[in-house]
Amino acid sequence: TLQDLLTDAYGVYTFQISGLPDWGTSAHFDIDARSAGEAAPSTAQLRLMLQRMLAERFQLTLHREMRPIPIYALVVVNPAKIKEITKEQFDGETEPAHTPETMMNTMPLFASTLGFRMDRPVLDETKLTGYYDIATPEWKQPEQARMADSIERQAKVLAEPESRDGLKVQERKEAEESLVID
């Protein structure tokens, strides 16, 4: 879709795009393109080529601007419930293991995972480093990960970290760079 092409071309998330026409999320396009030369282009070069193609073929004009967008902030509300996993608990492994009920995670990774399942980004504001034992919400299971979230499921996700792990997700607005389609 045009939305997918824009996220690839400009390295932005869908929530950072505004002014997209209705067909921008429904019409699908196949792109057959080749770069000149023998060497494979870098990611930056590919993005630039895709930006040029969008401008030429879609007559796309856009600009960047800072706009307030709704976000969630992951914060600590009960430090006593937060269980840090020490290096000794890794049992000599480079990454900690996890069970279906819990997941050893860094807070930035956990916030990012939450953000993929929510309707807006989740910023890690816990200031915690290291690995933590975080209860795995039901949506983290593989069969659930492919399902679209409903409002009720999102509300459940928001409630889970606070009750199990001493964390809370707070609603907020932040200034974020956006692509505005002219």
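The model is predicted, so local features need pLDDT of at least 70, side-chain atom pairs count only at pLDDT 80 or more, and totals for chains, interfaces and linings use all residues. Residues are numbered from 1 along each chain as its sequence is written, and side-chain values use heavy atoms, with hydrogens and water left out.

Helices (H or I, at least four residues) and strands (E, at least two) are DSSP runs, numbered from the N terminus. Buried means under 20% relative accessible area, and partly exposed lies between buried and exposed.

**Helix α2**

| Residues of α2 | State |
|---|---|
| Leu-50, Met-53, Leu-54 | buried |

The buried residues of α2 fall within an arc of 100° seen down the helix axis, so they line one face. The arc is that of the directions from the helix axis to the C-beta atoms. Their cover includes α1 (2-10). Helix α2 has 15 residues (43-57), which at 1.5 Å a residue should span 21 Å, and its end C-alpha atoms are 21 Å apart, in agreement. The expected span is 1.5 Å times one less than the number of residues. Gln-59, with a positive phi near 50°, follows α2.

**Ile-82**

Ile-82 lies in the loop between β2 (62-76) and β3 (83-85). Ile-82 counts as buried because its relative accessibility is 17%. Not counting residues up to four places away in sequence, Ile-82 touches Val-76, Leu-128, Tyr-132, Asp-165, Gly-166 and Leu-167; contact means heavy atoms within 4.5 Å. Asp-133 is 51 residues from Ile-82 in sequence, yet their C-alpha atoms are 7.4 Å apart in space.

Definitions and conventions: Buried means under 20% relative accessible area, exposed over 50%, partly exposed in between (1.4 Å probe, protein chains only).
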